Amino acid sequence: MQFYLDGYKPGDPLVEEPHPSVVERPAGLPETADVVIIGCGPAGLVLAAQLAQFPELRTVLVDRRDGPLEVGQADGVACRTVEMFEAFGLADQLIHEGYQVNEVAFWRPDPENRGSIVRTARIEDVEDGISEMPHMIVNQARMLAYLRDHMLRSAARAEPFYGLHATDVRVDDPAGEHPVAVTLQHVENFEPTGRISTIRAQYVVGCDGSRSRTREAIGRRLEGDATNSAWGVLDVLAVTDFPDIRLKSAIHSEQGSILIIPREGGYLVRLYIELDNDRDAEMLRHRSATPQKLAAVANRILHPYSIDVKHVGWWAVYEIGQRLCERFDDVDESEERLPRVFIAGDACHTHSAKAGQGMNVSMADAWNLGWKLGTVLRGTSRPEVLRTYSAERQQVAQQLIDFDREFAARFSAHSDRGEGTDPERFQHYFRRQGRFTAGVAVRYEPSIITAASPYQHLADGLPPGMRFHSAPVIRLADAKPMHLGHVARADGAWRLYAFADRAHPTSAESRLRELAAFLASAQSPITRFTPHGAEPDSVIDVRAVFQQGHRDISVEDLPPVLLPRKGSFDLIDYEKAFCPDPNTDIFDLRGLDRERGALVIVRPDQYVAHILPLDSRNELLEFLSGALVAC
């Protein structure tokens, strides 16, 4: 990371100086805001953390709880989510603290003794090469704490307002500066105090869960069915003779199914326990589940192994249901106006927990929406980009619902009952769906921010609409081995990754040299779309990857656009140029054209927007003009 741009200051460099507007703000709940976020769950806090990177905006985050979540709920962190946390500078902490899922064990009834279980396979949890980041297990409460800490360190000094329950959201002044009114009921321990506040906003985002009042207020409904299937969840410290207790384990026995998820810290483990509608009927009918009863069911399923629960950290019982909203904003297809109210996370899609997708997809919703709101309010993005949120994320949620329905059915199916799915076929299905569960299979359809590029052949491994798949490189200025994708911060900037042709950058034949000259000219999109007085890479961040080794090219060979002057002292940014890692050449890994090179345009949320030849100046300007505001 970079700091000290405007002068050396002692202390923690991760703590930014507060924005001037923050210093001047009075304490307490304001009467107006740019964005009001309802709910401090995964979606709400990712959105708030992203908007904290726009400290000049007034973002208000409210939650009906009395304080932060402390225990329980989701814990699976997909590879793609860890990639996203890297953009916030939080991946190292997450990886250091969490449990890394490396392998999955599969257990089934012993063919020679159906009352017993045997291990049938151990496979890698994540396919090699799909991400530089691991699949992690970290309690949701800790994930949210990372985000709150990030917000407090930011120039926005953002903090949630607790004890506020949103009872109504309405767009009642479409032409006004703050057209959305949010009614907030003050509560203590979820009980109303009798006090009511109203805050007006430019935009409102409901991240308020499956019983979302925001969703109801904009006339959306969760459509779908609850299945006749219930599961218990236990976070426990336990003593057991089951040998794979520190591996993610999918267990099918004559008595039911269990999914074992080892947790962070080396001792804690989560059990997802299938509850049988016959054997556990009384517990389900009378809602009389207890940790002790759930542990008894676990022991029944694990036979001949046993588990002695010593301590319960959290527990719950839930029913599987796959439900989805038709749209994730307040505008119908027939309306011409732009959306003002959005919903994200469980407010617009619900499903089972076993595939570990709930928290991850909810965070991805917010990651998709956050930069769009921030840059529209800052005035660098066209308001029309807000239409793409519902279109992109609703499609992803539909894919998740379809996947979850099949995954849940396959996990619970018993071949001996004629249900058509045996454990061996489930293993194959689990492996086949690995990219989806890792979060790297998402592909957005063409829109004003994602092109249907005819130049895909220039970068076969970086398809438009999919996330920018990072690869190792060597930073030219200091010879640092690193991942190229890690240069992208959660700052709302577009990235232009210029992968050079074979020619040396000082050569007259260099296509990259010609591109660099254009990007430094008065006709450049950097000039056109960067506000006066803003840093030269604040809207469009240019990076180059050369084919020469890092000892075969020098900083003095670089064009000015790759050595931008920044800050109050006009300092040079030396971190814009890279060379291949000799052990894992990025040009080979990502199928980049060595003769012609390629220009890869990447959105602020790290999704590839377009692939162009290095000399396609007009097409570059035309594409960016559809999303960005000319200055």
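Is Met-359 buried or exposed? I found a relative accessibility of 5%, so Met-359 counts as buried, where buried means under 20% relative accessible area, exposed over 50% and partly exposed in between, with a 1.4 Å probe and protein chains only. Before going further I noted that this is a predicted model, in which local features need pLDDT of at least 70, side-chain atom pairs count only at pLDDT 80 or more, and totals for chains, interfaces and linings use all residues. I also noted that residues are numbered from 1 along each chain as its sequence is written, and that side-chain values use heavy atoms, with hydrogens and water left out.

**Around Met-359**

I placed Met-359 in helix 9, residues 358-378; helices (H or I, at least four residues) and strands (E, at least two) are DSSP runs, numbered from the N terminus. Leaving aside neighbours within four places in sequence, I listed its contacts (heavy atoms within 4.5 Å) as Pro-42, Ala-74, Asp-75, Gly-76, Val-77, Val-138, Gln-140 and Met-143. I also looked up Arg-405, which is 46 residues from Met-359 along the chain, and the two C-alpha atoms are separated by 17 Å.

Pro-42, which touches Met-359, is one of the buried residues of helix 2. I counted 10 of the 10 residues of helix 2 as buried, so this helix is largely enclosed by the rest of the structure. The cover over its buried residues includes strand 1 (32-38), strand 2 (59-63), helix 3, helix 5, strand 11 (191-206) and helix 9.

For helix 3 (residues 79-87) I again found every position, 9 of the 9, to be buried, so it too is largely enclosed by the rest of the structure.

**Loops and backbone**

Where does Asp-125 lie? I found it in the loop between strand 6 (113-124) and strand 7, and at 10% relative accessibility it counts as buried. Not counting residues up to four places away in sequence, Asp-125 touches Val-101, Asn-102, Glu-103, Val-104, His-135, Lys-248 and Phe-430.

Most residues other than glycine have a negative phi, and most peptide bonds are trans. I therefore wrote down the following cases separately. Arg-157 has a positive phi near 50°, lies in the loop between helix 5 and strand 8 (161-162), and is partly exposed at 28% relative accessible area. Arg-287 also has a positive phi near 50°, but it lies in the loop between helix 7 (281-285) and helix 8 and counts as exposed at 74% relative accessibility. A cis peptide bond, with omega about 15°, joins His-303 and Pro-304, and I placed Pro-304 in the loop between helix 8 (291-302) and strand 16 (307-324).

**Whole chain**

I recorded 16 helices and 27 strands in the protein chain, and buried residues make up 57% of its 631 residues.
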